[in-house]
Amino acid sequence: MSTLKILLFPDPRLRTKAVEIESVNDEIKKLAKDMIETMHQGNGIGLAATQVNVHKRLIVVDVGGDQKKPLVLINPRIKEILEPELTPYSEGCLSVPGFYEELERPKKVKISAVGLKSEEIELDADGVLAVVIQHEIDHLDGKMMVDFLSNLKRERIRKKLLKQKKEAVN
Ligand code: QAP
Ligand code: CO
């Protein structure tokens, strides 16, 4: 296993639209394992392949709680919005380190995906799980949480992260 480098906002590669995965082969399984390790190392609860510069439709999610194993969702889709009322949640992102912002998303969604054993997955997600899955699917379409913020807030975050990058000793 190995950890992967996470792209940071405003890296333009985060705007790439990811392509569907045709078969769950060894390369995809390795990618999923490495993404789980990368997410855990960064104390994250969700990560999309886009964020590690692999533009394939795969996300990993680990919100802890009763569901103990991390979820691997291949070609995840929101099949249905089960409860459309927008619910606020303070969201973070491993690609936007140090910033948490309150966003509103539908409360409950039905998700379809394919699992690591090529099995069909269908799940009804609410609470933090619904928030994280919607956040990660956005990444696969090149969309980020900062896009929901005011131009002023987004600009502040962009400048701060660019400044940190410039000052970092790599
Ligand atoms: C998406 O993001 C999410 O700023 C996943 O310094 C997170 O795991 C959706 C993280 C929370 C809803 C709520 C962020 C770690 C992790 C940071 C993450 C940081 C260290 C973000
Ligand atoms: Co994110």
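The legends below describe close-up views of a predicted model. In this model local features need pLDDT of at least 70 and side-chain atom pairs count only at pLDDT 80 or more, while totals for chains, interfaces and linings use all residues. Residues are numbered from 1 along each chain as its sequence is written, chains are lettered from A and ligands numbered from 1 in the order in which they are written, and side-chain values use heavy atoms, with hydrogens and water left out.

**View 1. The protein donors of the cobalt ion (ligand 2).** The cobalt ion is held at 2.1 to 2.2 Å by C93 through SG, and by H135 and H139, each through NE2; donors are N, O and S atoms within 2.8 Å of the metal (3.2 Å for Na, K and Ca), and as water is not among the atoms, sites may look incomplete. Along the sequence these donor residues follow the spacing C-x41-H-x3-H. Because C93 lies in the loop between strand 3 (71-91) and strand 4 (101-114), whereas H135 belongs to helix 2 (residues 127-140), the pair ties together parts that are 42 residues apart in sequence. Helices (H or I, at least four residues) and strands (E, at least two) are DSSP runs, numbered from the N terminus. C93 and H135 are both buried, a term that stands for under 20% relative accessible area, with exposed over 50% and partly exposed in between (1.4 Å probe, protein chains only).

**View 2. The surroundings of ligand 1.** Ligand 1 is surrounded by 19 residues, of which G42, G44, I45, G92 and G98 are the closest; a residue is near a molecule if one of its heavy atoms lies within 4 Å of it. Backbone N or O atoms lie 2.8 Å from an oxygen atom of ligand 1 in the case of I45 and 3.4 Å from one in the case of G92, and a polar backbone atom of G98 is 2.8 Å from an oxygen atom of the ligand. The elements that give two or more residues to this shell are strand 3 and helix 2, and helix 2 provides the largest share, 4 residues.

**View 3. T50 and its neighbours.** T50 is found in the loop between strand 1 (46-48) and strand 2 (58-61), and at 0% relative accessibility it counts as buried. The side chain of T50 reaches the backbone oxygen of H139 at 3.2 Å. Not counting residues up to four places away in sequence, T50 touches L7, R13, L14, T16, A18, H55, H139 and L140, where contact means heavy atoms within 4.5 Å.

Definitions and conventions. Polar contact = N/O pair within 3.5 Å; in protein donor to acceptor, adjacent residues only side chain to side chain.
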